[in-house]
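Have the sequence and the 3D view open side by side.

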Amino acid sequence: HSKEAGRNCYSFFEPKMNANAHAQLQLQQELLGALDRNEFLLHYQPKVVAPAGPMIGVEALLRWNSPQRGMVAPDAFLPLAERTGLIVAIGNWVINEACRQLKLWHGQGHDSWSIAVNLSTVQLGHPGLVDTVRDALQRHDLAPACLVLEVTESTAMRDAETSLIILDQLTSLGVSISIDDFGTGYSSLLYLKRLPANELKIDRGFVTELAQGNDDAAIVSAIIALGKTLGLKIVAEGVETAEQQALLTRLGCNTLQGYYLGRPVAAEKLLASLDSVQEIPSK
Ligand code: C2E
Ligand code: MG
Ligand code: MG
Ligand code: MG
C-alpha cells in the first residue's frame, strides 16, 4: 500500500504534515527511482582468519550514492525500503551484483572467497527469493557454497515457521546461512536449534566492550560454546582493536570482521586494502 501512497503522495500532503513525515516522503520519492538511475553500489568488508590469516570472503554492504545526499548508509534508507516493499527489487539487485563481483574475483585467482549478502525481513518473506538466488548463481556460474546469506535472529523470528521453510529451501540450493547480530534478538534455543544455519556472527555490541573487564568476555565465551555445540562456524563482527582480536582468538573465535581487519570498501579498492592490513605489525 505504501508504494501506492508514494505515487499519490500529493493527495495526502497537507500543511499540517509534520517535518519528519515530509522528510520521509521526500526520501521515498528519491528512493523510488534510485535503482533505475543506477545509484546503488556495494562495498565489501573482508572476513579474515586471525591472526594475519587468509581472507576467506567478504560481506557485501549496500550503499546509495544519491545525487542529492551523497553516499547514504543503509540504516538511513533500509527501513523505508522495507516499509514500501522497495527492498525486494533492491535486494534482488544486491544478490545479482554480489554474485557478479564474486565471479570476477574468482576469475582473478581468489577462487576460495565466499560472499555474504544480508537479507531483511521483507525479503525473507517474499515468495520470489529462492528463485532469485538460484537464478543469480546460475547466471554467474557460481558454486552455491560460496554464497552466504545473513539473516538476523529478529528477521528469522518475525514469521518463524515461514522463515524456517524458506531457509530450508535456500539451504537445499547449497548456499550457507549465517545468523547475524547474534545475541541481540530473542530467539529461543529451541528455535535456534531448528534454524538451518552454518554460521553465527557475534554482535559488535559484545565485541566492543570485550576488553573492559565486564561480563562481555563471559557472554562471548558462552556464545562461542553454544555455537560450537550447534555445529556452527563462529565469526565476530566489529573488531576494532588488536586487543579485541587477541581476546577473541583466545576465547576460541578466530574468524573476524571489523575495522581493525578491514573497512568496507568499493570492489576496486579491496585488494589494495588487504595489502595494507597485512602490513600492520602483530603486537
Ligand atoms: P550488518 O550486516 O550487521 O553489517 C555490519 C555493519 O557494521 C556495517 O554497517 C559495517 O559497515 C559496520 N561495521 C563493520 N565493522 C565495523 C567496526 O569495526 N566498527 C563499527 N563501528 N562498525 C563496523 P553498514 O554497512 O552501515 O550496514 C548496516 C546494516 O545494514 C547491516 O548490518 C545490515 O543489517 C544492513 N545491510 C547492509 N547492506 C544490506 C543489504 O544489501 N541488504 C539488506 N537487506 N541489509 C543490508
Ligand atoms: Mg551482516
Ligand atoms: Mg551484523
Ligand atoms: Mg547489523
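## The pocket of ligand 1

Ligand 1 sits in the largest pocket. On a 1 Å grid over the protein atoms alone, a pocket is an open set of points where a 1.4 Å probe fits, with protein on both sides within 12 Å along at least five of seven lines. To sit there, a molecule needs more than half of its atoms within 2 Å of the pocket's grid points.

This is a predicted model: local features need pLDDT of at least 70, side-chain atom pairs count only at pLDDT 80 or more, and totals for chains, interfaces and linings use all residues. Residues are numbered from 1 along each chain as its sequence is written, chains are lettered from A and ligands numbered from 1 in the order in which they are written, and side-chain values use heavy atoms, with hydrogens and water left out.

## The shell around ligand 1

Which residues come nearest to ligand 1? Of the 24 around it, they are R63, N118, D180, E240 and Y259. A residue is near if one of its heavy atoms lies within 4 Å. By class, this shell has nine nonpolar, six polar and nine charged residues. Asp, Glu, Lys and Arg count as charged; Ala, Val, Leu, Ile, Met, Phe, Trp, Tyr, Cys and Pro as nonpolar; the others, Gly among them, as polar.

Strands β2 (55–66) and β6 (176–182) each supply at least two shell residues. β2 gives the most, with four. Strands here are DSSP runs (E, at least two residues), and helices are runs of H or I of at least four, numbered from the N terminus.

## Polar contacts

A polar contact is a pair of N or O atoms within 3.5 Å. A polar side-chain atom of D180 lies 2.8 Å from an oxygen atom of ligand 1. A backbone N or O atom of L62 is 3.1 Å from a nitrogen atom of the ligand. In the side chain of R204, an N or O atom is 3.2 Å from a ligand nitrogen. The protein covers 85% of the 800 Å² of accessible area that ligand 1 has on its own. Such areas come from the Shrake-Rupley method with a 1.4 Å probe.

## Two magnesium ions

The magnesium ion (ligand 2) has E59, N118, E150 and D180 as its protein donors, 2.0 to 2.2 Å away. Donors are N, O and S atoms within 2.8 Å of the metal (3.2 Å for Na, K and Ca); water is not among the atoms, so sites may look incomplete. E150 in strand β5 (residues 147–152) and D180 in β6 are 30 residues apart.

D181 is in β6, while E237 is in the loop between β8 (233–236) and α12 (242–251), 56 residues along. Which residue coordinates both ions? D180 does, and the ions are 4.1 Å apart.

Most residues other than glycine have a negative phi, and most peptide bonds are trans. The peptide bond from A50 to P51 is cis, with omega near -10°. P51 lies in the loop between β1 (40–49) and β2. A52 is in the loop between β1 and β2, and has a positive phi of about 55° although it is not a glycine.

How values were computed
A polar contact is a pair of N or O atoms within 3.5 Å; within protein, one must be able to donate a hydrogen and the other to accept it, and residues adjacent in sequence count only if both atoms are side-chain atoms. On a 1 Å grid over the protein atoms alone, a cavity is a set of points where a 1.4 Å probe fits but cannot get out, and a pocket is an open set with protein on both sides within 12 Å along at least five of seven lines; lining residues have an atom within 4 Å of a point.
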